[in-house]
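Here are my notes on this model. Please read them with the structure open.

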Amino acid sequence: MASKFALFKSLPFGLAVGVISLSVVRRIFGIPVAFSHSQGAEDLIASHILGNEFNALMDGTYVDVGCNAPVRYSNTFEYYTRGWRVIIMDANA
């Protein structure tokens with residue numbers, strides 16, 4: 001379980017607290033809540049379209065081109081939290 005929380009070290013404090021709080025609320029009340037990092041829930045839509053086989057993959061590699069902010073409004077950050085490897089390319093430092 002400690003390795004699962006190790007992912008939160010790379011998150012800003014407020015976002016990490018929000019994600020953990022949402023997880024606790026989901027478990028206490030049994031409410032199915034989906035959390036999206038993207039602006040318009042594109043990550044949830046892509047996961048739904050690609051299907052359960054794709055969502056069941058626990059590791060993989062992807063390239064995020066033009067990411068600008070790799071956490072906030074990210075369409076691919078969910079895969080990073082699942083343990084996928086990422087190559088980020090952006091013109092901004």
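1. First, a term. Buried means under 20% relative accessible area, exposed over 50%, and partly exposed in between (1.4 Å probe, protein chains only). Trp84 is buried by that cut-off, because its relative accessibility is 9%. Tyr62 is buried too, at 12%.

2. On provenance: the model is predicted, so local features need pLDDT of at least 70 and side-chain atom pairs pLDDT 80 or more, while totals for chains, interfaces and linings use all residues. Numbering runs from 1 along each chain as its sequence is written, and side-chain values use heavy atoms, without hydrogens or water.

3. The whole structure holds one aromatic pair. Tyr62 and Trp84 make it, in a tilted arrangement: 6.3 Å centre to centre, with 55 degrees between the planes. (Rings of Phe, Tyr and Trp, the last by its six-membered ring, pair with centres within 6.5 Å; planes under 30 degrees apart are stacked, over 60 edge-to-face, the rest tilted.) The pair links distant parts of the chain, 22 residues apart: Tyr62 sits in strand β1 (residues 61-65), Trp84 in the loop between α5 (77-81) and β2 (85-89). Helices (H or I, at least four residues) and strands (E, at least two) are DSSP runs, numbered from the N terminus.

4. Helix α2 (residues 13-29) includes Phe29. α2 has 17 residues and spans 24 Å from first C-alpha to last, close to the 24 Å expected at 1.5 Å a residue. That expectation is 1.5 Å times one less than the number of residues. Just after α2, Gly30 has a positive phi of about 65 degrees.

5. Is Phe29 buried or exposed? Phe29 is exposed, because its relative accessible area is 60%.
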